[in-house]
Amino acid sequence: MYEILKDDFFLWLKGQLGQKEILAPRLKEEGYLFLPWDGEELELTGYTNTLKPVKDAFFPQWEALIRYRMDKGKPVQVMGENPATKPLILFGVRPCDARSILLLDRVFNGPKYKDQHYRERRENTFVISLACSEPASTCFCQDLGISPLAKEGSDILLVDLGDKFLALADTLKGEEILQERPFSPATPGSMDKFQALQGVSRQAAAASLVPEILSGELSQVFVLPLWDEIYRKCLNCGVCTYLCPTCHCFDISDETTDTEGRRVRSWDSCMFGNFTQHGSGHNPRPTGKERIRQRVLHKFKYFPENYLAVACVGCGRCVAKCPVNFDIREVLKRLGGCQDDMSM
Amino acid sequence: MTCQCEIKNPYLPYQMEILEVVEENPEKDLKTFTLGFLNEADHGTFLYTPGQFAEISVFGTGEAPFGIASSPTEKGIVRFSVKKVGRVTTALHILEKGDLVGLRGPLGNSWPLEKFAGKNLVLVGGGFAFTTLRSLVCYILDEENRKNYGNLTVVYGARNPGQLLYKEELQDWSARPDIDIHLTIDRPVEGWWGKVGFVPAVTEQVVTSSENAVAVVCGPPVMIKFTLPVLKKIGFTSENIFTSLEMKMKCGIGMCGRCNIGNKFVCKDGPVFSMAELEKLPAEY
């Protein structure tokens with residue numbers, strides 16, 4: 001465990017600007033967004049989390065995967081698109097979002113298939129997270145067993161201790177940075193403060209919102225009467241999936257002129273009807289009922305079965321931004337999950 | 001993490017030349033494309049097993065997945081039979097011999113040849129879903145492989161003779177002693193020398209035993225629906241009946257999120273499943 005005076009930290013961060021691009025939470029009209037930071041003072045009072053998650057630092061909303069030239073009378077030339085990544089520091093990531101990066105790693109950096117573009121961006125990015133002291137009303141990380149002080153997924157986690165930050169590393173890269181000045185080993189006083197904070201968060205995280213029933217047989221879960229009901233108010237707008245830090249569904253399409261083409265990947269959503277529609281017109285998930293069931297079960301049943309972790313980090317963006325107040329916490333409670341109302 | 005230099009772009013296709021286009025039906029909306037590798041060296045890296053699929057790129061239009069209809073024993077080429085249905089298949093149907101396409105794969109699992117070894121095989125196919133069954137038949141009939149399998153019985157049906165894929169080859173197979181093939185059409189047609197009747201009924205007639213046997217079923221959903229009870233009646237268990245599923249796919253490598261049934265991705269965990277596996281999944285396909 002290490003610590004650093006806040007002033008010293010921001011001076012150090014500024015010093016990184018020469019070699020790296022830095023994205024930090026910046027207040028725009030509607031809220032905070034990860035935007036380029038060039039060293040001026042960061043206004044973080046009132047910062048709970050960014051409007052959009054961090055996934056597009058690794059998995060951008062739109063990117064070319066390959067490109068090709070189709071010149072008349074010549075064979076088609078096909079080239080891989082270079083992701084052209086620059087070394088990046090992501091500063092101010094919340095622990096829920098940091099955890100989401102580890103979940104995306106399981107998808108894009110699997111044992112058999114690896115996504116080159118994702119991997120290169122991931123390896124080029126250094127994540128400095130900020131532990132949460134005051135969760136928003138829509139936050140529910142603790143109901144999923146995630147601590148607002150968790151360092152998982154961060155290279156460095158900073159915990160606000162007044163005039164200084166306590167600093168913890170979760171990677172070798174992070175540990176190497178912390179071992180050098182201006183970081184210094186944490187004083188016993190700082191460690192005590194951190195332990196006190198941890199005790200409070202542990203108390204709050206008594207309940208689990210992940211329903212027991214979802215670890216049972218799919219044949220039973222699939223036909224619960226709840227699915228016939230909860231989809232009715234959903235507009236299938238997909239905003240929950242676009243704002244979700246762990247949603248990673250994408251489309252691949254070709255953008256072409258007469259002589260050139262790019263095969264691009266863009267975010268897609270399981271809430272859209274044509275997402276699963278075959279060329280023949282047949283659709284395995286024809287209505288909102290199947291689609292919302294897919295979204296809930298993918299996060300809380302299929303992903304845990306395939307990747308050993310729930311694909312929800314409790315950031316609450318989907319709850320905050322749903323135009324019809326669809327609340328995933330309510331669905332989980334109706335399925336039997338428990339929420340500690342103290343933490344809301 | 002391993003060295004990043006090992007990571008290749010999984011979306012970069014092989015460059016392929018169309019060597020031959022065969023119109024398979026009178027409507028001309030079903031064609032078989034034989035592709036050759038433009039770069040000789042690529043041939044050695046595209047190693048597949050019957051039952052796998054690949055994504056064909058039509059440059060300027062896009063990519064779509066197709067079951068591989070050729071067998072790995074047919075060296076130097078990869079073959080696909082494609083029905084003209086949507087955007088990519090329509091664009092592909094315009095292409096001719098000498099045109100270039102992209103090929104990404106091989107993808108997915110395959111017919112479980114290790115489970116088929118030493119067994120009698122019953123293959124039941126319908127319509128243009130016969131593609132990866134052709135791959136399997138050609139593989140088994142290969143001189144090197146034939147001795148590893150028992151009797152090979154094939155039931156293949158289509159609405160009318162014109163809709164049967166690989167007509168010349170079917171004739172050749174009919175003349176061979178090492179394959180027992182039964183072709184059938186829905187209604188009688190003048191000059192037709194095969195059987196008349198639906199696939200499930202013909203299967204019931206010609207397949208008499210499930211002893212030491214496995215069955216493979218590929219065809220339209222309605223055919224599969226009525227063939228399964230027939231196979232069960234003959235004595236095949238769900239563990240010994242295999243099929244291949246089709247889904248809308250994009251990435252083909254288990255990332256893009258659209259082809260799952262429960263926790264299984266058809267692109268990565270399939271397309272081949274035993275009926276026992278499918279019975280555990282919801283019928284969301």
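Among contacts in chain B between residues at least 6 apart in sequence, what percentage join residues at least 24 apart? The figure is 70%. Two residues are in contact here if their C-beta atoms, placed from the backbone, lie within 7 Å.

This is a predicted model: local features need pLDDT of at least 70, side-chain atom pairs count only at pLDDT 80 or more, and totals for chains, interfaces and linings use all residues. Residues are numbered from 1 along each chain as its sequence is written, while chains are lettered from A and ligands numbered from 1 in the order in which they are written.

Start with chain B as a whole. Its C-alpha atoms fill a box of roughly 55 × 45 × 40 Å, taken along the principal axes. Its radius of gyration is 19 Å, which agrees with the value near 19 Å for a compact globule of 285 residues. That radius is taken over C-alpha atoms, and the globule rule is 2.2 Å times the number of residues to the power 0.38. Of the 285 residues, 48% count as buried. A residue is buried if 20 or more other C-beta atoms lie within 10 Å of its own, exposed if 12 or fewer, and partly exposed in between; C-beta atoms are placed from the backbone. Chain B has eight helices and 15 strands. These are DSSP runs, numbered from the N terminus: helices are H or I with at least four residues, strands E with at least two.

Next, the domains. Chain B splits into domain 1 (8–107) and domain 2 (113–244). The bounds come from an automatic or database domain assignment. Over C-alpha atoms, the centres of the two domains are 24 Å apart. In chain B, 17 residues of domain 1 are in contact with 14 residues of domain 2.

Now for some backbone details. Most residues other than glycine have a negative phi, and most peptide bonds are trans. In chain B, the bond between Gly270(B) and Pro271(B) is cis, with omega about 10°. Pro271(B) sits in the loop between β14 (264–265) and β15 (272–274). In chain A, the bond from Arg181(A) to Pro182(A) is cis, with omega near 5°.

Two residues have a positive phi. Tyr166(B) has a phi near 55°. Tyr166(B) lies in the loop between β8 (152–158) and α5 (167–175) of chain B. It is buried, because 21 other C-beta atoms lie within 10 Å. Leu308(A) has a phi of about 60°. Leu308(A) counts as exposed, because it has 8 C-beta neighbours inside 10 Å.
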